[in-house]
Amino acid sequence: MRVKLSESEYKKSKFTMCLKNEQGQLILFNSYTGYDSLCKIDKDYADTFAELFNNYKINNLDKSFIHTLEDKGHIVSAMEDEQIKLKEIYMDTIHQKTLHLIILPTEKCNFKCKYCYESFVNGRMKEDVMDKIISFVDHKMKKLERLSVSWFGGEPLLEMGVIEKLSEAFIKICSKYKKIYSAEITTNGYLLNLNTFKRLYALKVLTYQITIDGMGSVHNIQRPLLDGSPTFDKIIGNLKDIKENVKSRFFSVIIRTNCSRNIMNSIRDYFTYIESAFGNDKRFQILLRPVMDWGGDRVAEMSEGMIEMNDLGTGYDTLSQFDLGIEVYKNFFNRGAQVCYAGKCNQYCFNSVGEIFKCTCDLDGLHDSKIGCIMSEKEINSYQYQLWLSEFRYKNNQCDSCFYSPICLMDWCPSKRIHKEKNNLCPIDFYSFNHLIRLFDKKGLIKQIV
């Protein structure tokens, strides 16, 4: 690598971060470019490069090397005001041409999870509510490009008939207007037997998020049935049945684990078990999340068992030693990825009685998340709707110098902004981001460029 110590026409991007791995290689990541910016510098050049890079002396590195750095966003013109790029990201993220609906076929559930914030008041969605939602979608899809539906609850599989009726109508609408349709489901997995999976798959439900909280001894305490009965073996049995009997490669199962202290204490045993069951099948992926206090009374029972934000990094470090799918994390690196769906223009959440919300963490409407009702003459309260849309912030004294701002747009949680909360102002994944990068490096997913 040739180096010239003259002043450079380039400068280091303010959105690039650098960190060394255990081998002394220098890893680069740029949050404007996203996942494709990840690369690393050989340890023999790492210190020399870091000094030139951080002191704007980049002028005549090898031309192909400069081109690679520029292509990945790590260097930009010395005259460029990168802050302006945030407006482009804001427009692309907030004003997407996708109609995203989160639909609760029922708010009832067959589980009684320790940390759940929902109140389970309303039951099955009625026919007239479904008809109104179908009309709403038909009207919206005349101007939008894609419909994305997330089935949520409660436990949505308690009302499979609602999912079937609405899915068939949505697919027909998208076919009529020649638009793209996709769907996913968040389910506890207890009712996801092979037959139910095949019915969902036929309705274009291709992503399944299912929570397994550690080994059975912990999971069955955190996520029992309503009567307290265990659920671990049934869920694992369902997933193994799907794995062994469904040949399609066009679906993914995200095994979400809500990490408490008990889970973190035995996480190596848990990964060993999940690897033995699903490690050879990349359709099955692992997603670690911390147990959070999203409200409700039950979570108080777990207050002493909650982990700190940065403790998730320990889980990533351990995960790197196992052959488990981590594709789900790739999007965490991309711009706008940590902007909550509630802040986007074309996102709506319908509960089972047709009330419209922005945030699924406030389905009781206690924190201004309710923006209307599909059964009302005026479906949406314009003021409440506007209140939730993410704001464009060209400047924010607290965040101006942070490399992460293209990912969160300095407004990751509309609820925190609306209610002027001062705790956890950064997204959850910011606190363990270095560990996440090292996870991808240890998995051999970051290419050396020199």
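In which strand does glutamine 347 lie? It lies in strand β12 (residues 347-350). Helices (H or I, at least four residues) and strands (E, at least two) are DSSP runs, numbered from the N terminus.

This is a predicted model: local features need pLDDT of at least 70, side-chain atom pairs count only at pLDDT 80 or more, and totals for chains, interfaces and linings use all residues. Residues are numbered from 1 along each chain as its sequence is written, and side-chain values use heavy atoms, with hydrogens and water left out.

View A. Glutamine 347 is buried, at 1% relative accessible area. Buried means under 20% relative accessible area, exposed over 50%, and partly exposed in between (1.4 Å probe, protein chains only). Beyond four places in sequence, glutamine 347 touches His100, Ile102, Tyr341, Ala342 and Lys358. Contact means heavy atoms within 4.5 Å.

**View B. The nine-stranded open sheet.** Strand order is β11-β10-β9-β8-β7-β6-β12-β13-β14, and the pairing is mixed. Two strands pair if DSSP finds at least two bridges between them. The edges are β11 (284-290) and β14 (370-373); each has a single partner strand, so one side of each lacks a neighbour in the sheet. From one strand to the next, the twist averages 25 degrees.

**View C. Strands β10 and β11 with the helices across them.** β10 (residues 252-259) and β11 run parallel, joined by seven bridges. Threonine 257 stands opposite leucine 288 of β11. Helix α10 (residues 267-278) lies across both strands, at about 160 degrees to β11. Helix α11 (residues 312-319) also lies across β10 and β11, at about 155 degrees to β11. Axes are lines fitted to C-alpha atoms, for helices over the stretch in contact; angles run from 0 to 180 degrees between N-to-C directions.

**View D. The largest nonpolar core, with Phe170 and Tyr329.** A nonpolar core is a set of buried Ala, Val, Leu, Ile, Met, Phe, Trp, Tyr and Cys residues joined through side-chain atoms within 4.5 Å. This core has 122 residues, and Phe170 and Tyr329 touch the most other members. Helix α5 (residues 160-177) gives the largest share, eight residues. Tyrosine 329 touches Ile286, Leu287, Leu288, Tyr316, Leu319, Leu436 and Phe440, leaving aside residues up to four places away in sequence. Another core, of 16 residues, lies apart from it; Ile41, Ala50, Phe53 and Ile58 are among its members. In soluble globular proteins, nonpolar side chains tend to be buried together.

**View E. Lysine 85 and glutamate 80.** Lysine 85 is found in helix α3 (residues 85-94). Lysine 85 is buried, at 17% relative accessible area. Glutamate 80 is partly exposed, at 26%. Their side chains meet in a salt bridge (2.9 Å, N to O). A salt bridge is a side-chain nitrogen of Lys or Arg within 4 Å of a carboxyl oxygen of Asp or Glu. Lysine 85 touches Tyr32, Val76 and Glu80, not counting residues up to four places away in sequence. By the salt-bridge rule, the count comes to 19.

**View F. Arginine 289 and aspartate 429.** These side chains form a salt bridge at 2.4 Å, N to O. The pair links distant parts of the chain: arginine 289 sits in strand β11, aspartate 429 in the loop between α14 and α15, 140 residues apart. Arginine 289 is buried, at 10% relative accessibility. Aspartate 429 is buried too, at 4%. Elsewhere, salt bridges that share partners join Arg124, Glu127, Asp131, Glu159 and Lys165 into one network.

**View G. Glutamate 22 and lysine 442.** Their side chains meet in a salt bridge (3.5 Å, N to O). Glutamate 22 is in the loop between β2 (16-20) and β3 (26-30), and lysine 442 is in helix α15 (residues 433-442), 420 residues apart. Glutamate 22 is exposed, at 67% relative accessibility. Lysine 442 is partly exposed, at 40%. Side chains of opposite charge can pair when their charged atoms come close.

View H. The peptide bond from glycine 153 to glycine 154 is cis, with omega near 15 degrees. Lysine 204, not a glycine, has a positive phi of about 70 degrees. Lysine 204 is partly exposed, at 39% relative accessibility. Leucine 409, also not a glycine, has a positive phi of about 55 degrees. Leucine 409 is buried, at 6% relative accessibility.
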